[in-house]
Amino acid sequence: MSNSFIWWGIVIYIIVSLYIAYLSRSGKETSMSGYFLGNRKMNGFVSALSYSATTYSAFMMVGLAGLTYRGGVGALGFEIIYFAGVTLVAFFGPRFWLVGNKYGYVTPVEMLGDRYNHKLVSVVIALASCIFLIPYSAVQLAGVGYLVEGMTNGGISFTTGVVIATVLAIVFSFIAGIRSVMWTDSLQALLMIVASTIVVLLLIQGLGGFREFFGTLEANHPETLTVPGNGFWSFATFLSMTVPWLFFSLSNPQVSQRMFMPSSLKSLRTMLLGFLGFGLVYTLVSVLWGYSAIIMFPGLENADKATPSLLSSELVPPVLGLIVMVAIIAAAISTIDSIMLTLASLFARDVYGNLRKGVDERRQLAIGKIVMPIIAIMAFAFAELQLDLIAVLSVASSAGLAVSVPAIIGAFFWKKGTAAGVIASVSISGILVLILEMTAVKPFGLGSGVWGLASSTVLFIVVSLLTKAPTEKATEFIDYVNSELKQKLSPNKS
Amino acid sequence: MAKRELFWGIMSILVILSAYFIPYTVLTGVERWYGSFLLWILVGVVVIIINLFITRNWRS
């Protein structure tokens, strides 16, 4: 594909999405919940599309296809385990939503600080989230870099792709905060699902139809249809990669924060079910892309180049390939801008707001806006290192974030959980994950996510039992949730 | 946690466990599209159905 053709695609995308971002403005937002939560009035359909675009992005189309290319069907299982984990939203969504409305929480971390009755809880988890989400943002940027470089055969460099993505992420978040992010996300999600599905249908048709497509795989690459397959997906690897992923919907603040935003439980339902429908199709599409690349381009050096090779192949019409490429870039950006917004809100409200006394909303919002580009630049620097396979890096980030899961579950279900328990479990287990990741040590063949989660669970329970729980707050919080749920979700009420 | 929630919680856990263990036991030798590939897609569909049931009473 020629460079000028690709540049035209990128320019059109920038103009259209800037226009949509501009339209999404609704007066000047001066409050934190206005800027970061859309005043808790987001409708279900936009929420569903935006949740999809935030979750699925460069990781899926480039990373999951690459992972399928590398190890076969285990990649599908890995993503389906994540998908099944989204069921956690069906349990925790209404709970987050109820307490968010009652107590006015802007971030999930703020909720934990209040529930465990200690500011340091918020500070520690907010800092941990920053440490682990920056590599995750970098993964998205690297995805864009690989994509443009691969599709132009190096005509547009990795770094140029990464710079474009970084700048756009900053601009989209600045225009109208979460509103511009969610509306641009929605456009991108629709574009992605339609264009990528058409591509996969063309590929399968071009490779002889469904029967022959799988016939070729069964005959020439049978190991790609089973686990452990070619050995990549040993059970220990599968477990290590899926365990942190299973809890993604709770542990990643940029998605768990979304549970505060819908205007009603009905909208929350639309968000969840809409996302699941989108997710299953998208997962399948990404895996089939990986399979197509196995058939068409066996022997690629870097598995993350599977998608760019497919898009520039003769089976995909150039205009469609370009549309999908732009859609992938767009979705990578939408993930980064959501993460930037969340991290900015965490830093402004939970770190700055807690460590300095008497900081009002305006000041927090100003700090948040200063922090956003700094986060983006750090992610940019990280992306330039080109450390490892996209999928592997993503999992490492979720491993670090998963250490807060016991504290989140405990907030709603265990009155004896304490601030000391949370702080010990998150900080010690977070450091454990960092050490395991940096030294690449895998005790008993299991990755950092499994050990991090196990250690944080044990520490949370043991330290909590040894310290005094904030009984009054815990009782008020949990009893409120339970009584509201009973009332709101009883089947008989019309 | 209400009984209804508990029931669906247990169902979800069972489905997730099956997604871990069936491909690594029964299906390790089935090098066909109707092996692990199909199983995991079916798990995805069942997950959607479970979520439809859990959220049935969520109103505005």
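Predicted model: local features only at pLDDT ≥ 70, side-chain atom pairs only at ≥ 80, totals over all residues.

Reader: How many residues of chain A are in contact with chain B?

Author: On chain A there are 31, in contact with 33 residues of chain B. Contact means that the C-beta atoms, placed from the backbone, lie within 7 Å.

Reader: Which helix gives the most on the chain A side?

Author: That is α15(A), with 10 residues. Helices α5 (74–85), α6 (88–103), α11 (209–220) and α15 (265–296) of chain A each supply at least two. Helices here are DSSP runs (H or I, at least four residues), numbered from the N terminus.

Reader: And by class?

Author: The side of chain A that touches chain B has 22 nonpolar, 5 polar and 4 charged residues. Nonpolar covers Ala, Val, Leu, Ile, Met, Phe, Trp, Tyr, Cys and Pro; charged covers Asp, Glu, Lys and Arg; the others, Gly among them, are polar.

Reader: Switching topic. At what angle do α7 and α8 of chain A pack?

Author: About 150°, with the axes of α7 (residues 108–115) and α8 (residues 119–151) 7 Å apart. Axes are lines fitted to C-alpha atoms over the stretch in contact, and angles run from 0 to 180 degrees between N-to-C directions. The two helices are therefore roughly antiparallel, a label for angles over 145 degrees.

Reader: Which residues of α7(A) make that contact?

Author: Val109(A), Glu110(A), Leu112(A) and Gly113(A), against α8(A) residues including Ile125(A) and Ser129(A). The contact divides into 5 nonpolar, 3 polar and 2 charged residues.

Reader: Is Thr68(A) buried or exposed?

Author: Thr68(A) is buried, because 28 other C-beta atoms lie within 10 Å; the cut-off for buried is 20 or more, with 12 or fewer for exposed and partly exposed in between, C-beta atoms being placed from the backbone. Thr68(A) is found in α4 (residues 58–71) of chain A.

Reader: What is Thr68(A) in contact with?

Author: Leaving aside neighbours within four places in sequence, Ala75(A), Val287(A), Gly290(A) and Tyr291(A). The C-alpha atoms of Thr68(A) and Phe36(A), 32 residues apart along the chain, are separated by 36 Å.

Reader: And Ala327(A), what does that touch?

Author: Gln188(A), Leu191(A), Met192(A) and Ala195(A), not counting residues up to four places away in sequence.

Notes
Residues numbered from 1 in each chain as written. Chains lettered and ligands numbered in written order. Contact = placed C-beta atoms within 7 Å. Parallel < 35°, antiparallel > 145°, perpendicular 65-115°, else oblique.
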